[in-house]
Amino acid sequence: MNRIRMGIVLFITILLQNTVFSRIQILGVQPNVALPVIVLLSIGFSSYAGGFSGLTIGLVEDILFSPVIGYHALIYFVTGFVIGNFEYRLNIKDNKTGMLITALATLGIFAFELVVSLFTGSSAAYIAHLKGPLLLEILMNSLLYYGVAMGIGRLFIFPNVRFY
C-alpha cells in the first residue's frame, strides 16, 4: 500500500514542482519541493526508497528541462541514498531533524553543482549565488520540509523498528 502512495506522492511532487513552484521566485530563488519529499521518504523508509524517489524525480526533471539527462537524477539519487543510510539514527517524528537535513542537503547539492560548474567553466553564477540567495534557498527548502512533513507525512505508515 505504501508503494502505491509513494508513486502518487512522486507524481504529485513532479507535477507541483514543474507547474507551480517553477513559476514562483522569491528574491530570485525558486523553491524546490522535490528535495523535502526525497528527504522525508529517505528518513521514513530506507536508502532504497530515498534513492528510488530521487532517481525518479531527477530523471523526469532531466527529461523535461535539462539538455543533459542524468544530472539531477544523480544528485537526487545520491542525496536520497545517503540520507536513507542514516535512517535508523534519525527521528521521523521530529520535524526539526528533517528541516536540518533538508538544509544540509541543499548545501550539499549546491556544493556539488559548484564543483561541476568549476569543471565546465561556468562558475560565476554559482559564486554570485553563494553570497545571498543560497541562505534564502536553504530557508525556503527547510520550511517546505515542514509543510511536506505535515501534509504527506500523514499518508504513510513509517516503520518504527527495522531488522537488518
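This is a predicted model: local features need pLDDT of at least 70, side-chain atom pairs count only at pLDDT 80 or more; totals for chains, interfaces and linings use all residues.

Colleague: How many helices and strands does the protein chain have?

Modeller: The protein chain has seven helices and zero strands. Read from the N terminus on, its elements run α-α-α-α-α-α-α.

Colleague: And how much of the protein chain is buried?

Modeller: Of the 164 residues in the protein chain, 45% are buried.

Colleague: What share of the contacts join residues at least 24 apart?

Modeller: If you take contacts between residues at least 6 apart in sequence, 73% of them join residues at least 24 apart.

Colleague: Let's do helix pairs. What do I need to describe one?

Modeller: Two packed helices are described by the angle between their axes and by the distance between those axes.

Colleague: Fine. At what angle do helix 1 and helix 2 pack?

Modeller: Helix 1, residues 2-19, packs on helix 2 at an angle of about 160°, and the axes are 10 Å apart. An angle over 145 degrees counts as roughly antiparallel, so helix 1 and helix 2 are roughly antiparallel to each other. Their crossing is left-handed.

Colleague: Which residues make that contact?

Modeller: Helix 1 brings M6, V9, L10, T13 and Q17, while helix 2 brings A34, V37 and L41. By class, the residues in this contact of helix 1 with helix 2 are six nonpolar, two polar and no charged.

Colleague: How does helix 2 sit against helix 4, then?

Modeller: Helix 2 covers residues 34-44 and helix 4 covers residues 71-85. They pack at about 35°, with axes 8 Å apart. Helix 2 passes helix 4 in a right-handed crossing.

Colleague: Which residues meet there?

Modeller: From helix 2, A34, L35, I38, V39, S42 and I43 meet Y76, T79, G80, I83 and G84 of helix 4. The contact of helix 2 with helix 4 has seven nonpolar, four polar and no charged residues.

Colleague: And helix 2 with helix 5, what is the angle?

Modeller: Helix 2 and helix 5 pack at about 125°, and their axes are 10 Å apart. That angle makes helix 2 oblique to helix 5. Here too the crossing is right-handed, with helix 2 passing helix 5.

Colleague: Who touches whom?

Modeller: On the helix 2 side there are L35, P36, V39 and I43, and on the helix 5 side G98, I101, T102, A105, T106 and I109. The classes in the contact of helix 2 with helix 5 are seven nonpolar, three polar and no charged.

Colleague: What about K96, buried or exposed?

Modeller: K96 is also placed in helix 5, which covers residues 95-120. K96 has a relative accessible area of 65%, so it is exposed. The C-alpha atoms of K96 and S142 are 9.0 Å apart, although the two residues are 46 residues apart along the chain.

Colleague: Now the loops. Where is P31 found?

Modeller: P31 is in the loop between helix 1 and helix 2. With 6% relative accessibility, P31 counts as buried, because buried means under 20%.

Colleague: What does P31 touch?

Modeller: Not counting residues up to four places away in sequence, P31 touches Q17, F21, I24, M140, N141 and L144. From P31 to V20 the C-alpha distance is 10.0 Å, and the two are 11 residues apart in sequence.

Colleague: Last topic, the rings. How many aromatic pairs are there?

Modeller: A search of the whole structure finds three aromatic pairs. One of them is Y48 with F81: the ring centres are 6.0 Å apart and the planes are at 70°, so this pair is edge-to-face.

Colleague: Where do Y48 and F81 lie?

Modeller: Y48 is in helix 3, residues 47-65, and F81 is in helix 4. They are 33 residues apart, and the pair links distant parts of the chain.

Colleague: Which residues form a cluster through ring pairs?

Modeller: Y48, F77 and F81 are linked into a cluster by ring pairs.

Colleague: And how exposed are Y48 and F81?

Modeller: Y48 counts as exposed, at 65% relative accessibility. F81 has a relative accessible area of 28% and is partly exposed.

Conventions:
Residues are numbered from 1 along each chain as its sequence is written. Side-chain values use heavy atoms; hydrogens and water are left out. Axes are lines fitted to C-alpha atoms, for helices over the stretch in contact, and angles run from 0 to 180 degrees between N-to-C directions. Helices (H or I, at least four residues) and strands (E, at least two) are DSSP runs, numbered from the N terminus. A crossing is left-handed if the near helix is turned anticlockwise from the far one by less than a right angle, and right-handed if clockwise. Contact means heavy atoms within 4.5 Å. Ala, Val, Leu, Ile, Met, Phe, Trp, Tyr, Cys and Pro count as nonpolar, Asp, Glu, Lys and Arg as charged, and the others, Gly among them, as polar. Angles under 35 degrees count as roughly parallel, over 145 as roughly antiparallel, 65 to 115 as roughly perpendicular and the rest as oblique. Rings of Phe, Tyr and Trp (its six-membered ring) pair if their centres lie within 6.5 Å; planes under 30 degrees apart count as stacked, over 60 as edge-to-face and the rest as tilted. Buried means under 20% relative accessible area, exposed over 50%, partly exposed in between (1.4 Å probe, protein chains only).
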